[in-house]
Amino acid sequence: MKVTDQIKISLFRTMLRIRQFEMAVREHFQKTDIPGFAHLYVGEEAVATGLCAVLNPDDYVTSTHRGHGHCIAKGADLNRLMAELWGRKTGYCKGRGGSMHVYAREVNLLGTSGIVGAGLPLSLGPAIHAKLNKSGQVSVCFFGDGAANNGTFHESINLAAVQKLPVVFVCENNLYATVTAVHESTKTENFADRAAGYGIPGVIVDGNDVMDVLEKADKAVARARSGKGPTLLECKTYRHFGHYVGEPGTAYRPQEERNEWAKRDPIRMFCTHLVENGTIDPEGIEAIEHEVEKEIVEAVEFAGNSPLPDPQTVAQHVWSGQ
Amino acid sequence: MVREITCTQAIAEGYAVAMRKDPSTFIVGEGIADRGGCFGHTTGLLVEFGPERVLDMPISESGFVGMCAGAAACGSRAIADIMYVDFTTLAMDQIINQAAKLRYMSGGQYEMPLTIVGVSGANRSGGPHHSQSLHPLFMNIPGILVVLPSNAYDLKGLLAAAILTNDLALVLPHRGLLNARCGVPEKDYVLPLGEARVIREGKDVSIVAAGMMLHHAAEAADKLSDRGISVELIDPRTLVPLDENTILKSVKKTGRLVVVDEGYSNCGVGAEIIARVQEKAFDFLDAPMQRIHPVSAPIPFSPVLEHALLPDLDKIVDVVMKVAR
Ligand SMILES: Cc1ncc(C[n+]2csc(CCOP(=O)(O)OP(=O)(O)O)c2C)c(N)n1
Ligand SMILES: [Mg+2]
């Protein structure tokens, strides 16, 4: 894929949309407008953005509990996404899902997930569906370093490998699973090394460099699309905030480590790169920032003004044809 | 004359009916392709439908059930042949947390045409891991159809029906009935889900029993008739949806009810059916309703212990005698 200036600018815009969306989620979670849980993707925007940039609109994505970024990068409507988080009738799932169970069929987003590791088996479904229909679609499966130690990782990657399913497995290694550091849960240095055990390529990616993500994702997606089977990408990255909004203790992550990663903020790094290369000037950046800000304000207004679901409908959608 | 086939053959035919009817249907399982399944119950499918639609799986129950759920959401019709129902426990997250809820969680954006087939029930020392009747577990989860056929005719038609619905379904043929034969038309047919069958009419006591228990209850009914007790025997055939009306109608006539089921009693089939009758036909009852279940212990291996645990002819006769008195 040739990365034009226009594409680069849209990558920047997508990362910013995710960032600002998440900051709004944080604010409105703290104000208790948003019930339940909220796991923010701040700091990891480059992964979803770079990955989804090489996908076709009808390719599939399965996501995680930290999934707003995947939804947005896949093209989900900000209003309906925000409304779902607010538990409103106008949300993608009519308020039945919430943050950890967002499904957006119109962009083939087959779900964020409240169960860590559950998306891996599920992601094989779109892949075999595509293979049976020779549609050329690809299925992308995002999951965390924590999920990589769930049994579904093994079953799903092996199954996809033997069936040569068009899947790209994307391990978002943000170094922690809740409060557990990756070196406490995992003996190998890189999750990508495990790919060898399944006879598929494993690739280490700088998850804070959107261009690195895009380049490596492009190869993995092309490989899947051409029928050669799955790839395991390991994107090294870091979340800026706690595991969820309101997490009480954050001492398990050394301040020094946090500072180091803050310096490698994916959006700031890419912005600098764009300006230094003359892809866009600072005014252009500012204009995008304003546009995105407007979109987010609108999404919050849409959610806030949306009706709540009708309690009479609580049993609707359990069975087919309801 | 209608030819007779076994339940094993009926499974293969039920699969084929659905796969012919909807070409988007595929089946996965362990050793189900050229080896024809560990009971011989998928014989012929590979030849008729080809390797793209009949796929052998690694021993990855969570992996392939999840794959089927995802594919079903995308518009394929999927069959996961999981061998024994005991192995659904390995895929419970994908069944309960994903497949059963996906339509609901998504606010109706997806259908779930996935059917899981697992042989169920105790038979000749299968032991604790190959004998269980787990249907009450699934009955407790909204969004799962539960089918417990008692004969090859029903099995073929109900299996095809389950596959062709857009709901997640569990179809549970009984292991002890796999070789049981009955008349089954060669032609393709589909039976309605949620329709009980009155196996024999009677006036003194209603017995509701599915799967293998129906056969024990039928024997008991013969014996009871010798003793002057007339049993009305009902095979619910599907537990979800449950044909409540047929049961209520019968109890209103007989005034007495005994439920026999191979699942455990605690929050089980007996509890459910008896509760519903109590709610809706209390005034018609002439005696306390009774339920007969296995002893609440794992299914033991040794034949004497296995026998001691399960409901059988004598236990059913005893209980019905007391109820009828
Ligand atoms: C099966 C399961 N076990 C535990 C949890 C609780 N939990 C939620 S998120 C999480 C950590 C996941 O870590 P990781 O996969 O690295 O994702 P990250 O939060 O770092 O993005 C845990 C343990 C869960 N939701 N599901
Ligand atoms: Mg993590």
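**Note on salt bridges and the A–B interface**

1. A:Glu291 and A:Arg13 form a salt bridge in which the closest N and O atoms are 2.8 Å apart. The pair joins distant parts of the chain, since A:Glu291 sits in helix 11 (residues 282-305) of chain A and A:Arg13 in helix 1 (residues 5-30) of chain A, 278 residues apart. A:Glu291 is partly exposed, at a relative accessible area of 40%, and A:Arg13 is likewise partly exposed, at 27%. The model is a predicted one, and these values should be read with that in mind.

2. In chain B, the side chains of B:Lys223 and B:Asp314 meet in a salt bridge at 3.8 Å, N to O. Because B:Lys223 belongs to helix 8 (residues 211-226) of chain B and B:Asp314 to helix 12 (residues 313-324) of chain B, the pair ties together parts that are 91 residues apart in sequence. B:Lys223 is partly exposed, with a relative accessible area of 31%, and B:Asp314 is partly exposed, with 45%. Elsewhere in chain B, a network of salt bridges links B:Arg3, B:Glu13, B:Lys156 and B:Glu186.

3. Over all chains, a search of the whole structure finds 31 salt bridges, while across the interface of chain A and chain B the rule finds one. The side chains of A:Lys134 and B:Glu52 meet in a salt bridge, at 3.3 Å from N to O. Between chain A and chain B, 19 residue pairs are in polar contact, both residues being at pLDDT 80 or more.

4. On the side of chain A that touches chain B, the elements giving two or more residues are helix 5 (119-132) and helix 6 (151-162) of chain A, and helix 5 gives the most, with eight residues. By class, that side of chain A has 22 nonpolar, twelve polar and five charged residues.

5. As for extent, 39 residues of chain A are in contact with 41 residues of chain B, and the two chains bury about 3300 Å² between them, 62% of it on carbon and sulfur atoms. A:Arg105, A:Glu155 and A:Trp319 supply 19% of the area that chain A buries against chain B, more than any other three residues.

Note on methods. Residues numbered from 1 in each chain as written. Chains lettered and ligands numbered in written order. Predicted model: local features only at pLDDT ≥ 70, side-chain atom pairs only at ≥ 80, totals over all residues. Heavy atoms only, no water. Salt bridge = Lys/Arg side-chain N within 4 Å of Asp/Glu carboxyl O. Helix = DSSP H or I, 4+ residues; strand = E, 2+ residues; numbered from the N terminus. Buried < 20%, exposed > 50% of the residue type's maximum accessible area, 1.4 Å probe, protein only. Contact = heavy atoms within 4.5 Å. Buried area = accessible area lost by both parts, 1.4 Å probe. Polar contact = N/O pair within 3.5 Å; in protein donor to acceptor, adjacent residues only side chain to side chain. Nonpolar A, V, L, I, M, F, W, Y, C, P; charged D, E, K, R; others polar.
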